[in-house]
Amino acid sequence: MVSSKQLRLSRDASQMAAAVPQVIAHRVGRMMAAGVVPNGRDQQEFYLMGAEKIAAFGESWTAMSWQAVAAQQQFALWWTQTWWKVALGGWMNPPSFQHLQSSAQQRVFTSMLDVASRGMAPVRRRAVANARRLNRAAR
């Protein structure tokens, strides 16, 4: 079964897969046309290209780190609650190991999707915005 988080992540990856080649083609073409001495507009675009990569990496890394911390806390809370349920009366009818394992796996998988989505968001946002901006400028 495909979750909405999986669909959102695949949609974002598809948008990036469409936008990134357009941006690369535009910028490489611009570099080739600029030659050895780029004009001020080209220099500004080339500076922006490097600066936005650094900014997107920082935002992505920070977002993934915070999401990973939140996921660890949620998993620890789930595990503690499960332990207390068993300890305080669930020992008469404890959950099966299979049930605990599948529940833990689902939580970890969902957390991984959340971390990947958070990390991809700043990069995708910039790539799509650049593709739109550079396509408008090319017209």
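This is a predicted model: local features need pLDDT of at least 70, side-chain atom pairs count only at pLDDT 80 or more; totals for chains, interfaces and linings use all residues.
User: Why is Arg27 called buried?

Analyst: Buried means under 20% relative accessible area, exposed means over 50%, and partly exposed lies in between (1.4 Å probe, protein chains only). Arg27 has a relative accessibility of 3% and therefore counts as buried. Other buried residues of α1 include Leu9, Asp12, Met16, Ala19 and Val23.

User: Why is Ile24 called partly exposed?

Analyst: The relative accessibility of Ile24 is 49%, so this residue counts as partly exposed. Ile24 is found in helix α1. Between Ile24 and Asn130 there are 106 residues in sequence, and their C-alpha atoms are 10.0 Å apart in space.

User: What makes the pair of Glu52 and Arg27 a salt bridge?

Analyst: A salt bridge requires a side-chain nitrogen of Lys or Arg within 4 Å of a carboxyl oxygen of Asp or Glu. The closest N and O atoms of Glu52 and Arg27 are 2.8 Å apart, and the pair forms a salt bridge. Distant parts of the chain are linked by this pair, with Glu52 in helix α2 and Arg27 in helix α1, 25 residues apart. Glu52 counts as buried because its relative accessibility is 11%.

User: How do you know that Asp42 forms a salt bridge with Arg30, and what does the pair tie together?

Analyst: The closest N and O atoms of Asp42 and Arg30 are 2.6 Å apart, and these residues form a salt bridge. Asp42 lies in helix α2 and Arg30 in helix α1, so the pair ties together parts 12 residues apart in sequence. Both residues are buried.

User: Which residues are linked with Arg133 and Glu45 in a network of salt bridges?

Analyst: The side chains of Arg133 and Glu45 meet in a salt bridge at 3.0 Å, N to O. Arg133 belongs to helix α3 and Glu45 to helix α2, and the pair links distant parts of the chain, 88 residues apart. Arg133 is partly exposed because its relative accessible area is 28%, whereas Glu45 counts as buried at 6%. The network of salt bridges links Arg27, Arg30, Asp42, Glu45, Glu52 and Arg133. Across the whole structure, a search finds 10 salt bridges.

User: Why is Ser60 called buried, and what is in contact with this residue?

Analyst: Ser60 has a relative accessible area of 10%, and is therefore buried. Ser60 lies in helix α2. Contact means heavy atoms within 4.5 Å. Leaving aside neighbours within four places in sequence, Ser60 is in contact with Gly119, Met120, Pro122 and Val123.

User: Is Asp114 buried or exposed, and how do you know?

Analyst: Asp114 has a relative accessibility of 19%, so this residue counts as buried. Asp114 lies in helix α3, which covers residues 97-138. Apart from neighbours within four places in sequence, Asp114 is in contact with Lys5 and Gln67.

User: Why is Arg136 called exposed?

Analyst: Arg136 counts as exposed because its relative accessibility is 56%. This residue lies in helix α3. Arg136 and Ala116 are 20 residues apart in sequence and 30 Å apart in space, C-alpha to C-alpha.

Conventions. Residues are numbered from 1 along each chain as its sequence is written. Side-chain values use heavy atoms; hydrogens and water are left out. Helices (H or I, at least four residues) and strands (E, at least two) are DSSP runs, numbered from the N terminus.
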